[in-house]
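Keep the 3D view open as you read.

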Amino acid sequence: MTSIILDQEVYQTNDFSPFALTDILTEYAKKNQQTFLHFWQYEQTIILGMKDTRTPFLSEGIKVIQDAGFAPVIRNAGGLGIVSDQGILNISLIFPQEDENKISIDQGYEKMLALTRQAFPVYADKIEAYEIKDSYCPGTYDLSINGKKFAGIAQRRIKNGISVMMYLSVNGDQEKRGELMRQFYQQALKEQFGTNGYPAVTPTSMATLEKLFDTPLTVAQVKDSFIQAFTTSYPTSISMGSDIWQEANVSPDEWHGQIERMTQRNALKD
């Protein structure tokens, strides 16, 4: 079956579309035996996980975010907060669960790791996957070069569809992003900062690909690298705007239902 590459212009703040679309694509993947590569970005946004909403002083943490000119959004996948802006590319690899040889959680992550190494073959041997504990949103499949994290991976499964989602720091001021997340946790946790599974963020623990590669790098160039890698594995791929795919495959009722669930989740921060 033809695989589909979906691209989206930068979403504005307080637009829940990428999360609604991810859930729809994940369910669609298994039902229709379809594989997707989905790119999306946000304007100045801090994407919080459900664990972040349980911080004891959440409203004070959110004030830090807003005072810095960012908007908070609570995503529909677990974990912790990440920064999203025009120097950050979000990439989702979405595919169906196999009926006989079940794809494990780690095998799902390995698919994204392999795709990333294939996208950057010159650096493939340098890209490592292990937890960078003092980064924001640390996890077992943090991707790093020389100990500096440039990407984090999360996973969501719905009705035997699998979505492996990665945020990738392409360019911009990564240390400033880290400092903002550190300040969020300092205010949201106060004396509990760095405890109970919340990271004591060190801003210098992360870096952009541009800095790690020591060469100017744009989001468009990174997209092209991932598309080349993806089409090597899925040579019958086609590209389209995610809005075009949505219009052809998603009913208005289904879309509104997904947006409403995101709206209710985001009431937690108000």
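Start at aspartate 67, which counts as exposed at 57% relative accessibility; here buried means under 20% relative accessible area, exposed over 50%, and partly exposed in between (1.4 Å probe, protein chains only). Before going further, some ground rules: this is a predicted model, where local features need pLDDT of at least 70 and side-chain atom pairs count only at pLDDT 80 or more, while totals for chains, interfaces and linings use all residues. Residues are numbered from 1 along each chain as its sequence is written, and side-chain values use heavy atoms, with hydrogens and water left out.

Aspartate 67 has a partner: lysine 63 forms a salt bridge with it, the closest N and O atoms being 2.8 Å apart. (A salt bridge means a side-chain nitrogen of Lys or Arg within 4 Å of a carboxyl oxygen of Asp or Glu.) The two sit 4 residues apart in helix H2, so about one helical turn separates them. Helices (H or I, at least four residues) and strands (E, at least two) are DSSP runs, numbered from the N terminus. Lysine 63 itself is partly exposed, at 49% relative accessibility.

A search of the whole structure turns up 9 salt bridges. Glutamate 60 and lysine 190 make one of them, with their closest N and O atoms 2.6 Å apart. Glutamate 60 lies in helix H2 (residues 58–67) and lysine 190 in the loop between helix H4 (174–189) and helix H5 (209–213), so this pair ties together parts that are 130 residues apart in sequence. Glutamate 60 is partly exposed, at 34%, and lysine 190 is partly exposed too, at 29%.

Then there's lysine 30 with aspartate 99, whose side chains meet in a salt bridge at 2.5 Å, N to O. This one links distant parts of the chain: lysine 30 is in helix H1 (residues 17–32), and aspartate 99, 69 residues away, is in the loop between strand S6 (88–96) and helix H3 (105–119). Lysine 30 is buried, with a relative accessible area of 15%, whereas aspartate 99 is exposed at 59%.

Now for the strands, which pair if DSSP finds at least two bridges between them. S8 (residues 143–145) and S9 (residues 148–158) pair in the antiparallel sense over 3 bridges, with serine 144 opposite lysine 149 in S9. Their hairpin has 2 residues between the strands, and asparagine 146 takes a positive phi near 55°. S9 also pairs with S10 (residues 161–169), antiparallel over 8 bridges; there, isoleucine 153 stands opposite methionine 166.
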